[in-house]
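Visitor: Please show me the structure first. Then take me through it one point at a time.

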Amino acid sequence: MERRDFLKVSVLTGATAALSGCEKPAHTLVRFIPEEDLIPSVATWKPSVCTLCPAGCGLMVRVLPGEAEVVRNGKLGTIQMGLAKKLEGNPNHPVNWGKLCARGQAGLQITYHPDRVRSPLKRSGPRGSGSFQPVTWEESIREVVSKLQELQSQNQSESLRFVSACLRGQRHELVRKFLSAFGAPAAMVFDPLDEPVLRQANLLSFGQADMPSFDLAHTGYVISFGADFLGTWNSPVAQSIAYGEMRQGRPGNRAKFVQVEQRMSQTGANADEWIAPRAGTEGAMALGLAHVILKEKLRPAADNKATRLIAGWSQGLAEYSPEQVERKTGVPAQRIQRLAHEMAAHLPAVAIIGGLPLAHTNGLFNALAVNALNTLLGSVGMPGGLFFTPQPPSENAGSWSSESDFASVLLAGKLDGTKVLLLHNANPVFATPAVWKVRETLDRIPFIVSFGSFVDETSQLADLILPDHSPLESWLHDVPKSGTNQAVVSLAAPAMLPLHDTRAMPDTLLEIAHQIGGEAAKALPWENFQEMLQASMAPLRTADGINPPPDPEKFWSKVQEQGGWWSDKVRQAARSAIPQKQLVTEFAPPQFDGEESSFPFHFQPYVSQAFLDGSLAHLPWMQEMPDALSTVMWGTWVEINPKTAQKLAIEQDDLVEVRSQHGKLLAPLLVSPGIAFDVVAMPMGQGHESFGRYASGRGANPMTILAPMQVAETGSLAWASTRVQVSKVGKAKLALFSGGLFERPSELQQR
Amino acid sequence: MAHRWGMAVDLDRCTGCEACVVACRAENNIPSVGEDQAQKGRAIHWIRVERYYEGEFPDVRVKFQPVLCQQCNNAPCEPVCPTYASYHTDEGLNGQVYNRCIGTRYCANACSYTVRFFNFFNPAWDKPLHLQLNPDVSLRQVGIMEKCTFCVQRIKSAEIRAKEEKRELRDGEPAPACVQSCPPRALVFGDLNDPESEVSRLARSRRGVKLLGELGTQPNVTYLQRNEWNDNNT
Amino acid sequence: MTTTPDQIKHDLINHDVINHDLLRPVGQASARFFLVVAMLGLVVLAGFSAWGYQLYSGIGVAGIRRPVFWGFYITNFVFWIGISHAGTLISAILRLANAGWRRPVTRCAEVITVFALCIGAMFPVIHLGRPWVAFWLVPYPNERGLWPNYRSPLVWDFFAINTYLIGSITFLILPIIPDFALCRDKFSGWRKTFYGLLALGWRGTQRQWHRLETAMHIMAIVIIPVAVSVHTIVSWDFAMTPVPMWHSTIFAPYFVAGAIFSGIAALIVAMVFLRRFLHLEEYLPSVCFENLGKLLLLMSLLWVYFVFAERLTIWYGNQPAEVAVLWLTQKGPYRYLFWIMVACNFGIPFPLLAIKKLRTITGTCIASITVVVGMWLERYLIIVPSLSRKFLPYAWGTYRPTWVEITITAATFAGMALLYVMFAKLVPIISIWELKVGMREASESMPSVVAVSKARPTVSERSEHETVGFKNSHRVGKP
Amino acid sequence: MSRVASLYTMCPDAAAAERTVDALLSAGARREDITVISSEPFDRYEFGQHEKSRFMPWLVVLGAILGGTAGFLLVSLTTKSYPIVTGGMPITPGWITGIITYELTMLAAILTTLLVLLLTAPLFRWKQEPYDVQVADGKVLVGINPQGDLPDKVKEVLKVCEDGAGGGIER
């Protein structure tokens with residue numbers, strides 16, 4: 001007992017010690033830690049949800065008391081409050097089982113970021129000048145409401161637009177209800193991490209417009225076409241956990257992992273075999289494998305929706321004999337033969353596709369081909385194969401389809417009539433090709449409201465910024481679409497009180513709806529988001545089939561304790577019966593923008609391990625985290641093969657100009673052995689003009705020089721089909737964490 | 001029986017995701033030094049994922065190897081410190097007492113693994129980032145050497161919890177931040193004096209090797225070499 | 001006794017001349033002197049301000065980084081400690097060997113030792129991350145409940161260097177006392193009192209002379225092993241750590257040899273300047289340079305031998321980590337420095353010193369200057385490449401000095417010169433009384449009728465003293 | 001006429017001094033009363049031979065031994081009196097004790113030498129009779145401290161050696 005009190009005291013002293021020290025650690029009491037004298041503090045752990053990528057991992061937040069400067073009803077003061085100190089995985093969460101990726105852990109810094117928007121801001125200068133002045137919540141909300149009522153009075157409700165990253169769960173519900181009640185078109189999704197092509201393909205092949213999940217832990221053979229599934233793609237933590245099991249979880253049974261891509265990703269770095277076919281020919285290669293399997297009857301011939309989409313499947317894919325495929329892909333025929341045999345010999349085998357192969361003009365075909373291969377391998381819905389995460393009863397399935405893709409709306413010029421744009425958690429100005437002229441389009445919109453926590457490139461154009469809470473300060477609700485075979489609803493109460501004068505976006509939206517009144521108010525009767533959540537959880541109370549069902553209050557608190565609801569019994573995902581247009585696809589060589597003669601290199605931007613699409617570039621931890629392969633910190637780089645570099649007479653740390661038909665950028669050169677001779681790769685995420693002190697004006701943004709190529713059938717951006725030229729313009733200096741590239745350097749490499 | 005803390009690193013599981021690196025920063029109040037200092041090679045990462053290429057395109061492979069303080073039983077860094085700032089704890093850790101340190105940087109030179117890091121300037125946190133600082137871990141001012149402690153503060157709190165609940169520590173109960181976060185469970189932590197613990201079991205594995213074992217530093221960290229895939233290993 | 005008067009005359013002249021010549025620099029100070037002092041002083045001042053800047057803003061303003069945690073500062077430390085082997089060691093050896101030509105040399109040498117040591121000893125403090133707690137190295141009962149770790153070579157350094165410092169200061173001061181007395185008698189006014197105090201009441205009684213000589217003899221014997229131990233321990237700072245190309249048994253002798261090598265070089269340079277600017281041509285005859293030149297030649301050969309032995313062993317052993325460092329210095333980015341070093345320490349000095357015609361004062365001077373440069377480079381090339389290429393290639397790094405380190409380094413050279421100049425102004429830089437003894441002995445050892453005839457009668461008069469017989473044989477037996 | 005404090009004469013060189021000393025002795029002066037002061041050591045002359053110290057080296061050896069012991073104790077005892085957690089690592093192995101012991105031995109030797117010299121030379125005795133600045137010019141002073149009355153013979157001897165120059169009877 002005394003001990004406990006003692007510990008509590010020590011917590012406080014400890015905390016204050018650390019805090020008082022933040023400015024000048026020289027003046028802090030640096031505690032002697034011969035560890036025998038060490039007195040750790042007692043923390044409380046609160047569940048939360050990670051919102052940084054579509055994986056939707058469960059969090060545990062370590063909360064300790066501390067003194068914080070906060071704004072309460074307009075006054076600045078120091079109070080004792082619970083402060084989030086560290087993020088860890090929620091040990092019981094079916095997606096990440098207590099584990100968490102680097103980015104998720106750095107999410108903590110969003111809350112404490114020095115450049116967060118601390119109160120509502122009103123534009124005071126010309127658009128894009130970035131000059132704002134603080135205003136009160138009352139007047140800012142009143143302004144929005146008046147604008148919206150104006151629209152209604154002029155029956156221009158449809159000229160209200162809402163753009164956001166993929167929303168899920170009740171946030172999505174809220175927005176959907178609000179828009180439909182208001183009479184505005186459905187929200188537009190802008191999310192570079194989303195894979196619309198793959199979801200489209202899955203819809204066609206499997207009647208399921210969702211991202212797939214993979215049972216890697218029990219698979220015998222994995223072939224991945226460009227998917228960085230251990231790094232940034234889909235549900236990386238879940239997939240990494242499974243990967244560990246796949247490697248060493250089953251004594252004596254270590255699955256083989258083949259990666260197919262032009263530039264070695266962090267995932268490819270772990271492959272047993274790494275294959276670099278020509279860019280955009282992954283689908284052909286998949287069918288080449290299928291051809292061999294069919295021809296040699298290594299597997300019973302499959303015939304279903306997925307295979308019928310592939311031209312010539314029933315004829316045994318005559319077009320895709322190893323020799324023909326070699327001509328298309330550059331992968332030796334014997335190798336294809338061998339891989340096909342290995343695959344069939346080590347069932348269950350699964351094929352994954354994601355990332356760059358989907359970003360070619362023939363991306364949909366590539367996806368469909370891989371889906372067909374999976375069907376042939378019999379891995380769909382089977383242990384060790386590919387499956388879809390079951391959705392909880394509370395959710396209406398296929399909610400994706402209700403949204404429209406920002407890009408297609410933009411390119412169709414449908415954005416022009418927009419009078420009011422609500423902007424949430426999306427930064428299209430930054431992450432789109434310059435030729436799309438997103439900035440200019442948005443400039444034409446008379447009134448833009450952003451819910452952003454930071455003044456990023458898009459929020460800079462806003463007339464009003466109504467800052468959202470940081471995730472740790474908000475009620476969170478999420479429904480993972482992949483990464484688990486259980487139906488999951490993640491739910492969390494705020495882990496800490498808000499630091500600044502901010503408001504949760506759902507509450508703001510509710511407030512607006514209520515003030516508008518009418519339909520909107522009727523559609524959204526809840527006092528606040530918490531009530532809405534509580535209501536939404538009700539159907540789950542009975543879902544487990546426990547009777548009598550637990551008492552509502554108990555259920556509600558239990559859900560909050562464990563960080564959500566998930567059915568312990570594994571289910572199969574319900575197939576949605578969406579009518580499909582019949583289409584039959586065959587390999588079409590990918591189209592590229594730019595003549596090979598003048599633009600000799602394929603330009604392949606890729607999702608950065610630290611910043612994803614750039615939405616995390618403002619976090620110092622991410623900036624200083626060495627990229628796994630390049631080990632670059634605080635910068636961006638252009639990746640090129642040593643031999644190519646020799647040809648161009650350029651070397652590491654040269655400043656090179658990468659020029660496409662639609663723009664150019666400057667970045668330091670990084671020579672990397674793991675990249676094809678005709679490919680120039682570059683990570684996304686840097687090159688922000690305005691995104692807090694740590695990201696602004698740092699590096700270059702590959703998206704800007706992309707050609708406006710589109711993926712056939714889906715119309716989404718084909719961001720891998722730009723050709724570029726590279727030339728040296730000067731010297732630069734990369735901040736590398738690593739010294740040598742090789743473990744046992746030869747004499748030469750030491751120089 | 002006294003504990004002897006050790007770690008096993010399964011190179012076959014490690015994917016180079018860097019989760020451990022950030023977990024360590026978050027847990028141990030590691031300062032961010034900024035671009036200029038990082039360029040000078042003054043970035044601080046108590047644990048790092050070493051990346052080694054093998055071969056040339058198109059037959060390239062990569063080896064990821066997380067390297068942290070090996071907590072040597074026969075540590076080169078300890079005897080050279082003139083003020084006992086780096087010392088050997090009774091639980092077999094290479095302790096570093098920050099305010100005993102006078103900054104000779106001798107230990108860092110002696111360390112064969114280059115896992116000791118130096119504070120070239122006073123660290124600073126732009127308000128309110130300082131609110132994140134972990135009160136269990138003291139801040140290091142300018143001129144002080146710092147290094148991985150196996151998250152001694154987490155070990156300590158686990159021990160206290162066990163004592164309050166009047167029980168022995170469970171295997172894997174005290175886990176350094178890196179181990180806790182590692183998605184593919186490449187890092188395993190535990191008591192090497194307990195032959196039943198998972199880490200002891202792995203340390204005995206045939207794949208197990210010591211990093212630079214030939215130097216005789218007797219690390220408490222064991223590396224499990226990556227398997228090669230061959231057709232008939234199923 | 002007809003011969004007596006001119007004998008006396010000769011004696012007086014001799015004394016006057018010596019006193020006059022050697023006290024002159026002590027006496028007055030020219031404008032040129034003040035100019036030199038001012039210039040050197042400025043550089044030193046710059047050095048101190050650079051250090052102040054470093055103390056204020058943190059050791060980070062120096063170029064050191066991970067993994068090269070030691071750079072210019074430790075290089076200077078080793079270099080200056082090496083230089084300090086000039087004096088004491090050499091003069092001690094020469095005293096014991098009773099080499100006549102040492103007499104004008106010893107003091108110049110011992111002064112170098114003391115100052116070089118002071119400068120060298122500053123660097124461990126300068127390079128500390130937290131210099132303000134440097135005193136934690138001192139073993140004294142304290143509230144920290146701590147005690148210096150005797151296993152650390154740095155603590156050995158602490159003891160060795162202090163011993164050497166105290167030793168060499170004593171070794172320098174003792175033979176100065178009689179010269180202070182001389183100054184006391186020769187000067188007037190405040191100088192008289194000043195030197196009177198420094199002379200510690202020296203009169204020159206036979207007892208004082210005998211005690212002094214015995215003391216010097218003992219010191220000479222004691223100081224040699226101390227000097228050797230100092231650079232041995234400095235070498236162990238490196239050899240005790242498992243760092244490629246540091247962890248070597250050859251280091252101790254290698255360093256000691258190198259130290260003496262650079263020491264002699266520094267001494268020659270200093271002497272050349274003294275000779276030039278204090279017009280001591282006849283007191284520092286070319287024979288000194290001749291002989292020191294030969295010593296330097298010997299050390300140069302020894303140095304080459306050590307370098308070859310070290311490198312051959314590494315190359316032949318062919319251990320990855322060590323070979324990495326070897327090639328780094330011989331083929332890698334450090335190759336230029338390496339070959340410059342070889343040229344400076346052997347290529348240039350060897351012919352200059354080996355060929356008799358070239359072994360002039362200028363020749364030895366040039367050789368010495370290159371050696372000083374070369375030995376500084378050697379220290380640098382021992383420290384930096386090894387650290388930048390340790391065992392794990394991923395953790396390899398580089399090192400670039402900043403202006404702070406460069407300024408401080410320059411300041412130490414200026415400081416050395418400054419202290420030397422000041423000293424030459426305050427103290428006869430050549431040991432006057434020892435010189436006199438030398439001259440007298442020389443004159444006596446000449447077959448001089450005067451001396452003999454003068455002595456004979458007194459001897460014959462008192463044959464009852466058996467001491468006389470001893471004395472007699474002692475003196476008559478000489479010619 | 002004040003009483004005689006000290007009598008001395010300036011001899012042109014060591015030989016003359018030698019003769020004077022001999023004469024004084026033969027005149028019956030006591031060797032201990034005779035002081036010979038010179039600007040350089042005359043260790044080859046017979047006068048002052050009795051001042052040679054045979055004991056000095058032995059004192060130094062003694063000091064060295066004491067110093068060595070002190071060093072040994074410093075290392076071996078004090079580290080035990082400051083028990084530091086070293087996880088079973090040795091605090092001071094023998095080799096290291098050797099190094100510190102060695103250094104302190106040497107240090108003690110040096111200090112003893114210095115001390116013995118200062119005390120037995122003896123130094124720090126300002127204002128001592130007799131003295132004469134001519135010593136600086138290479139002359140040799142031969143003086144005598146009269147214990148009670150001096151035999152006239154002695155005075156005579158000094159007078160003889162005067163040959164007019166300098167000379168300081170009764171001052």
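**Loops, helix pairs and a cavity**

Guide: A:Asn155 sits in the loop between helix H4 (137-153) and strand S6 (160-164) of chain A. Helices (H or I, at least four residues) and strands (E, at least two) are DSSP runs, numbered from the N terminus. This is a predicted model, in which local features need pLDDT of at least 70 and side-chain atom pairs count only at pLDDT 80 or more, while totals for chains, interfaces and linings use all residues. Residues are numbered from 1 along each chain as its sequence is written, chains are lettered from A and ligands numbered from 1 in the order in which they are written, and side-chain values use heavy atoms, with hydrogens and water left out.

Visitor: What is phi of A:Asn155?

Guide: A:Asn155 is a residue other than glycine, and its phi is positive. The value is near 35°.

Visitor: In chain B, which residue is joined to B:Pro128 by a cis peptide bond?

Guide: B:Pro128 belongs to the loop between strand S6 (116-118) and strand S7 (145-147) of chain B. Omega of the cis bond is about 0°, and the partner of B:Pro128 is B:Lys127.

Visitor: Where is C:Pro67?

Guide: The peptide bond that leads from C:Arg66 to C:Pro67 is cis, with omega near 0°. In chain C, C:Pro67 is placed in the loop between helix H2 (31-57) and H3.

Visitor: Are H3(C) and H9(C) roughly parallel or antiparallel to each other?

Guide: Helix H3 (residues 72-83) and helix H9 (residues 206-239), both of chain C, pack at about 160° with their axes 10 Å apart. Axes are lines fitted to C-alpha atoms, for helices over the stretch in contact, and angles run from 0 to 180 degrees between N-to-C directions. Under 35 degrees counts as roughly parallel, over 145 as roughly antiparallel, 65 to 115 as roughly perpendicular and the rest as oblique. H3(C) and H9(C) are therefore roughly antiparallel.

Visitor: How many residues of the contact of H3(C) with H9(C) are nonpolar?

Guide: Contact means heavy atoms within 4.5 Å; among the residues making it are C:Phe77 and C:Ile81 of H3(C) and C:Val234 and C:Asp237 of H9(C). Ala, Val, Leu, Ile, Met, Phe, Trp, Tyr, Cys and Pro count as nonpolar, Asp, Glu, Lys and Arg as charged, and the others, Gly among them, as polar. Beside 2 polar and 1 charged, the nonpolar residues number 7.

Visitor: How is H3(C) set against H5(C), roughly parallel or antiparallel?

Guide: The axes of H3(C) and helix H5 (residues 106-126) of chain C come within 8 Å and cross at roughly 160°. That makes the two, H3(C) and H5(C), roughly antiparallel.

Visitor: Are H6(C) and H3(D) roughly parallel or antiparallel?

Guide: Helix H6 (residues 153-173) of chain C and helix H3 (residues 94-120) of chain D have axes that come within 10 Å and cross at roughly 15°. C:Trp156 of H6(C) and D:Leu107 of H3(D) are among the contact residues. The angle makes H6(C) and H3(D) roughly parallel.

Visitor: Which element gives the most to the lining of the largest cavity?

Guide: The largest cavity has a volume of about 1100 Å³, and its 45 lining residues include A:Thr51 and A:His424, which are among the closest to its centre. Strand S15 (420-424) and strand S18 (476-478) of chain A each give two or more residues. A cavity is a set of points, on a 1 Å grid over the protein atoms alone, where a 1.4 Å probe fits but cannot get out, and lining residues have an atom within 4 Å of a point. With 3 residues, the element that gives the most is S18(A).

How values were computed
1 Å grid on protein atoms, 1.4 Å probe; cavity = no way out; pocket = protein on both sides within 12 Å on 5 of 7 lines; lining within 4 Å. Points joined across faces, edges and corners; volume = space filled by probe spheres on them.
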